[in-house]
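The following paragraphs lead through one structure, from its surface to its helices and then to its side-chain contacts. Please keep the sequence and the model in view while reading.

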Amino acid sequence: MKKVSAVFYVSAAILSLLVLAGVAAPKTLESVTGSLQGMITDKFGWYYLIVVTAFVFVCLYLLVSPIGRIKLGKQEDKPEFSRPTWLAMLFSAGMGIGLVFWGAAEPISHYAISSPTGETGTDQAIRNSMRFTFFHWGVHAWAIYGIVALVLAYFTFRKGERGLISATLRPLIGRHADGPIGKAVDVIAVIATVIGVATTLGFGAVQINGGLSFLYGVPTTIWVQFAIVAVFTILFIISAMSGLGKGIKILSNANMVLAFALFILMFVFGPTLFTLNLFTDTIGTYLQNLLNMSFRISPLDEENRSWINGWTIFYWAWWIAWSPFVGIFIARVSKGRTIREFVVFVLLIPSLIGFLWFSTFGGSAILLEHEGIAKISALATEESLFGVFENYPMGTVLSIIAMLLVGTFFITSADSGTFVLGMMTTNGSQNPSNSVKVIWGIFLAAIALVLLYSGGLQALQNTMIIAALPFSIIMTLMTISLIKSLSKEAKELGMTQVPVKKQKKKVETPA
C-alpha cells in the first residue's frame, strides 16, 4: 500500500459514493442513470459511430504501413508468452462472459424480437440478424481494445513511460501528464474500468443464475445473484494473489479449452451445414455493408434509431468502458511483438473466432425458431443459450460446460481487472501488490452488486454508457498522440521515404 498514488484515493472515494448511493437510494440511482443514458445516446450517437470507425481505420493503416515493422519494445525484447497463450489471455480478457451471454441471445433477438431493419421472422431477417451481430462483435470492437493496448504498449515498452493512460499523452500535453491533468485522466480511466468490469460481472452472475434456474429450478432473484458474486469474488481474489504468470495464465488456457469443447460439441451436434453456410454468407454481407453499418444513425426513422441506441451505441460504449482494462492488460502481455503482428492477433483473428461462435450458437437458436421447433425468443435473455441446448443431444452436458465457462471467464475477467486497476493506481507498477488487488476486487464486486440491486441489466447498461463518454475523448487524444510519436520515429528510421527505382542505362547499339 506504500506505493499507491493519489489516483487510488480519489477513485476509491468516488466509487464509494456510488456504492452508498446505490444502497441508500437504488430507485433514484436507476432513474438518474437512465436519464443520463438517454441523453447521451440521443445527443452523442453520431459521435460514437464516427470515433469508433476512425479507430478501425487507424488500426488497418498500421497493419499495411511500413510502420507495422516497429516493435512494441526494444529491438532485443522477446515475447513473454507463446502465441497460443497470448491469444487465450487477450481473448479471455476481451470478450469472455459476453460471448457466452449473447451467443444465442443477440441473434435470436434481432431475428424474432427487434430487427435492425424492422423485419422479423423472415429469411431476410436471419441475414440481417447475423450481419449486425458480426458488426457488433467484429473489427470495431477489437479496434477499440487494440488502439488503447497499442498506445500503452508502445509508450511503455518502447518509449520507457510508466504504464499509465496519462503517460501516453505526453507528446500532446508535455509535463502536464505528471500533474493534475494527468491524474484526472487516470481517475477517469479507473472509474470507466471499474464500471465496465463490474457490468460484465453482473452479466455473468445473471447468466449463471439463469442456467441454474433453467436446469434445476433455482429461483432467479437478486439474493441468488449476490451469492454467486460473493463465491466468485473469493475465487478470483485467490487467483489474483497468485500473479500474472500463474492464475491468469492457467485460467485463460482453461477458458480456451472449455470454450473450444463447447463450440465443437455444439458445432457437431447442431445444424453443422447450416452453420457453415450461414458463416460464409454473413462474412460476405458483413464486408459488403461494413461502411454503411459503421455510419448508420437513421435520422429520419425513429424506430430504427431506437434500435441503434439500444444495440450499436450500447456496444460501442461497452467496448470503450472496457478498453482501459483490456487495453492495459493486452499491452502488459504483448511486449516484444511488432505492431503488424499485434494488429493481426488483436483485430483480425479474434473477430473471426467470434464470427464462428455466433454462427454456431446464434444460427442454432434461429433455426430452431425459424422451423417452429422451439420458441427461444420467449425465454429470458440469460436463459436463451440453455434453451438452445435443451433441443440438441447432450443438452445438459452443454449447459454445465457453459456455466463452468461463464464461471472461469468471470474469474479471469475480475482477476485481470484487479491486476490492471492495481497498475493504474500504483504509478504504473508492472506487478502491483496483493493488498491493492484485493481492495479493487472488493470494489468490483460491490459495484456489480449495487448495479444489480438498483435496476438489474438495464442499470448495468445505463451506467456503462455514461462511463464510456469521457473516456472516448481520452482515447481520441491517445490515438493522436500515438500517430504523432510514430510519425516522428518512422521519419527517423527512414520508413516514410519512398524508394526510387534505379533506371537502367540505355545502351545504344551501333548502326
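Surface patches are made of residues with over 30% relative accessible area and no salt bridge, where like charges are joined within 9 Å and nonpolar side chains (Val, Leu, Ile, Met, Phe, Trp, Tyr) within 5 Å. The accessible areas come from the Shrake-Rupley method with a 1.4 Å probe, and for residues only the protein chains shown count as cover. A salt bridge is a side-chain nitrogen of Lys or Arg within 4 Å of a carboxyl oxygen of Asp or Glu. The model is predicted, so that local features need pLDDT of at least 70 and side-chain atom pairs count only at pLDDT 80 or more, while totals for chains, interfaces and linings use all residues. Residues are numbered from 1 along each chain as its sequence is written, and side-chain values use heavy atoms, with hydrogens and water left out.

On the surface, a nonpolar patch is formed by Trp46, Ile50, Phe57, Leu60, Leu291, Phe295 and Leu348, which together have about 690 Å² of accessible area. Helix 2 (residues 26-64) gives the largest share of this patch, 4 residues, and Trp46 is found in that helix. Helices here are DSSP runs (H or I, at least four residues), numbered from the N terminus.

Two of the helices may be considered by their span, for which the expected value is 1.5 Å times one less than the number of residues. Helix 9, with 37 residues, should span 54 Å, and its end C-alpha atoms are 53 Å apart, which agrees. For helix 16 (residues 395-424), 30 residues should span 44 Å, in agreement with the 43 Å between its end C-alpha atoms. A residue is buried under 20% relative accessible area, exposed over 50% and partly exposed in between (1.4 Å probe, protein chains only). Helix 9 is mostly covered, with 28 of its 37 residues buried. Tyr216 lies in helix 9 (residues 180-216), yet counts as exposed at 52% relative accessibility. Gly217, which follows helix 9, has a positive phi near 75°.

Aromatic contacts come next. Rings of Phe, Tyr and Trp (its six-membered ring) pair if their centres lie within 6.5 Å; planes under 30 degrees apart count as stacked, over 60 as edge-to-face and the rest as tilted. The whole structure holds 33 aromatic pairs. In one of them, the ring centres of Trp102 and Trp311 are 5.5 Å apart and the planes lie at 70°, so the pair is edge-to-face. Because Trp102 lies in helix 4 (residues 97-102) and Trp311 in helix 13 (residues 302-332), the pair ties together parts that are 209 residues apart in sequence. Both Trp102 and Trp311 are buried.

Salt bridges number 9. In one of these, the side chains of Arg158 and Glu489 meet at 2.5 Å, N to O. Arg158 belongs to helix 7 (residues 139-158) and Glu489 to helix 17 (residues 434-492), so this pair ties together parts that are 331 residues apart in sequence. Arg158 is buried at 16% relative accessible area, and Glu489 is buried at 6%. Elsewhere, Glu161, Arg162, Arg170 and Asp178 are linked in a network of salt bridges.

Terms used
Helices (H or I, at least four residues) and strands (E, at least two) are DSSP runs, numbered from the N terminus.
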